Amino acid sequence: MKIYEKWQEIISNQTEESFSSFWEEYSATEKRIYEDILENHQKPFNGIFIDLVEKYNTTEVLFMGFLDGINSSLTNTLNLDEIHKDSQIDLQIDFEKLLFNMLDAKADYLFTLPQWESVLSPEKISEITKIQKRSKTIIKDKKIGRNDPCPCGSGKKYKKCCLKKEE
């Protein structure tokens, strides 16, 4: 079984009893990796998969979970199905997108890491936070009233034109 398939199986088979301990281990691992990435943000993040697993003192499956999580924040996404123990991992991270995605996932244990201060300016962090919050705002379209002009452009009232066709 491929490592990515194992990761997906673990995620989909969590129970209420197992989720807490799994999440504790996964989030601690993820936090440790992100602390290192942010501290060394000017250095490339690359290496052989199994060597990175050892470097971060984790399991293959949890490291795959990290890759799954960061994949949408990369300039060149990874094909996770093709990754195996000897795969070369080279992450080109878009840090602004990464922060946005962390905010979107409500991962406060990650987007509040103090290491962000050396990666993005406080102004940029604030701007990304505002953009992320605005992206969740729902704006409803104005309803067409029965006596409003028909949006089809016929010049008739809505009730005499397209509303009548709907009925």
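Let's say "partly exposed" means a relative accessible area between the buried limit, under 20%, and the exposed limit, over 50%. Keep in mind that this is a predicted model.

**Exercise 1.** Work out whether Lys-85 is buried, partly exposed or exposed, then find its salt-bridge partner.

*Solution.* 
- Start with accessibility: Lys-85 has 44% relative accessibility, so it counts as partly exposed.
- Next, look for the partner: the Lys-85 side chain meets that of Glu-60 in a salt bridge, at 3.5 Å from N to O.
- Now place both ends: Glu-60 is in helix H4, while Lys-85 sits in the loop between helix H4 (60-70) and strand E2 (88-91), so the pair ties together parts 25 residues apart in sequence.

**Exercise 2.** Find the salt-bridge partner of Lys-55 and say which helices the pair links.

*Solution.* 
- The partner is Asp-36, with the closest N and O atoms 3.6 Å apart.
- Lys-55 belongs to helix H3 (residues 49-55) and Asp-36 to helix H2 (residues 16-39), so to speak distant parts of the chain, 19 residues apart.
- As for accessibility, Lys-55 counts as exposed because its value is 55%, and the cut-off is over 50%.

**Exercise 3.** Trace the network that contains Glu-96.

*Solution.* 
- Begin with the salt bridge between Glu-96 and Lys-124, 3.7 Å from N to O.

Methods
Residues are numbered from 1 along each chain as its sequence is written. This is a predicted model: local features need pLDDT of at least 70, side-chain atom pairs count only at pLDDT 80 or more; totals for chains, interfaces and linings use all residues. Side-chain values use heavy atoms; hydrogens and water are left out. A salt bridge is a side-chain nitrogen of Lys or Arg within 4 Å of a carboxyl oxygen of Asp or Glu. Helices (H or I, at least four residues) and strands (E, at least two) are DSSP runs, numbered from the N terminus. Buried means under 20% relative accessible area, exposed over 50%, partly exposed in between (1.4 Å probe, protein chains only).
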